[in-house]
Amino acid sequence: MAGRRYTPRTQISPPRTSTVRAGGTGVPVAAVPAPAPATPSRTAAATRTYTPPAPLHLGLTLGVLRRGPADPTFRTTPDGAVWRSSRTPQGPGTLRLVQRDGTVQAQAWGPGADWFLEQLPALLGELDDPAPFEPRHRLVAESARRRTGLRLTRTGLVLENLIPSILEQKITTDEAYRAWRLLLHRHGEPAPGPAGEELRMRVVPDARGWTLIPSWEWHKAGVDNKRASTIIRAAQVARRLEEAAGMEPARARARLELVPGIGPWTSAETIQRTNGAPDEVTTGDLHLPHTIGYALAGNRDATDEEMLELLVPYAGQRHRAARLILLSGVAPPRRQPKMRKVNIAEW
């Protein structure tokens, strides 16, 4: 097996970095299936039973869509269910997923319910093909062995993945998660079905709604003018950006990067989620090159160029390799304080 020149002594363990950042989230395991909560709107849920063609772990597959532990669009509940709300092309929708005995039971509410259920296989990674992936490092091989249920999701929804990625530009993830949470609670709408009232879930604003958020509301959420302006510009051309979900990843990223303020980091973070792109590795990240450099070569100061060189053996699957490295939990020990949080709402 290639890559033996360096093997970290640290054993693979649960990720020390944020599980959300690494792309995994815990899903409680219930002893018996629990019914969905009573629906306040008295609207019956649409249902679908889906049998994955390969091992599937809901938390690993959908965890990248969760923007912080209090994300209003994503919940896990003690009955083993994963809940997600979205603004689909048909309107707001809520999706509830429970995995039992090799099948996934799906329920959906709202105008977007049928769209949610139709897109369920793509959301759960059926279009992802991990067969070409071949581990070239012992650490990657062990991480892949432990996470056979990892699939790359494909949401097909660009704007709702692009905006939180813009919020995460050049600030701490905690600040970005806070901004996302505050903006949705103030300018989103309650999720359809039981999720809106019982779980306090929200649906993201539509494109016009994002453009109508006043400057002081961005300020209260801690979003500077540069990021707010980028979001507004993206929302103004949302229809053209949504077309990127049906493009090849390289063309899709190029389409997004036509919007001033959207660069390679933001486009990669978005297309990884919307298009299930296995090779779109993130560059320009503060921590990712150091983590991959340390895990594969003992280089805690690796640059983007050095990271890409280390990932050459995974050409075509570099994003999948990076996910598995992050999920391994191997990371360089901290030698300086975390990036200082700056709350511009207090200025």
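Q: Among contacts in the protein chain between residues at least 6 apart in sequence, what share joins residues at least 24 apart?

A: That share is 72%, where a contact means heavy atoms within 4.5 Å. Keep in mind that this is a predicted model, where local features need pLDDT of at least 70 and side-chain atom pairs count only at pLDDT 80 or more, while totals for chains, interfaces and linings use all residues. Residues are numbered from 1 along each chain as its sequence is written, and side-chain values use heavy atoms, leaving out hydrogens and water.

Q: How many helices and strands does the chain have, and what percentage of its residues count as buried?

A: There are 17 helices and seven strands (DSSP runs numbered from the N terminus: H or I of at least four residues for helices, E of at least two for strands). Of the 347 residues, 52% count as buried (under 20% relative accessible area; exposed is over 50%, partly exposed in between, with a 1.4 Å probe and protein chains only).

Q: How do I read the sides of a helix, say α11: which residues are buried?

A: The general idea first: an α-helix has 3.6 residues a turn, so residues three or four places apart point the same way. In α11, the buried ones are Arg 227, Ala 228, Thr 230, Ile 231, Ala 234 and Ala 235. They span an arc of only 160 degrees around the axis, which puts them on the same side of α11 (the arc is that of the directions from the helix axis to the C-beta atoms). Asn 225, Lys 226 and Gln 236 are exposed on the face turned away. The cover over the buried residues of α11 includes α6, α9, α10 and α12.

Q: Which residues are buried in α13, and which are exposed on its other side?

A: Ala 252, Arg 253, Arg 255 and Leu 256 are the buried residues of α13 (249–256). Their arc is only 155 degrees, which puts them on the same side of α13. Ala 250 and Arg 251 are exposed on the other side. Covering the buried residues are, among others, α12 and α14.

Q: How do I describe a helix pair, and at what angle do α5 and α17 cross?

A: Two packed helices are described by the angle between their axes and the distance between the axes. The axes of α5 (138–146) and α17 (318–328) come within 9 Å and cross at roughly 85 degrees (axes are lines fitted to C-alpha atoms, for helices over the stretch in contact, with angles from 0 to 180 degrees between N-to-C directions). α5 and α17 are therefore roughly perpendicular (65 to 115 degrees; under 35 is roughly parallel, over 145 roughly antiparallel, the rest oblique). Leu 139, Val 140, Ser 143 and Ala 144 of α5 meet Leu 324, Ile 325, Leu 327 and Ser 328 of α17.

Q: Is α17 enclosed or open?

A: 10 of the 11 residues of α17 are buried, so α17 is largely enclosed by the rest of the structure. Gly 329, with a positive phi near 85 degrees, follows α17.

Q: Where does Val 158 lie, and what does Val 158 touch?

A: Val 158 lies in the loop between α5 and α6 and is buried, at 0% relative accessible area. Leaving aside residues up to four places away in sequence, Val 158 touches several residues, including Leu 241, Leu 256 and Thr 270. Val 158 and Glu 243 are 85 residues apart in sequence, yet 8.3 Å apart in space, C-alpha to C-alpha.

Q: What is the phi of Asp 101?

A: Asp 101 has a positive phi of about 50 degrees although it is not a glycine. Asp 101 sits in the loop between β4 and β5 and is exposed, at 82% relative accessibility.
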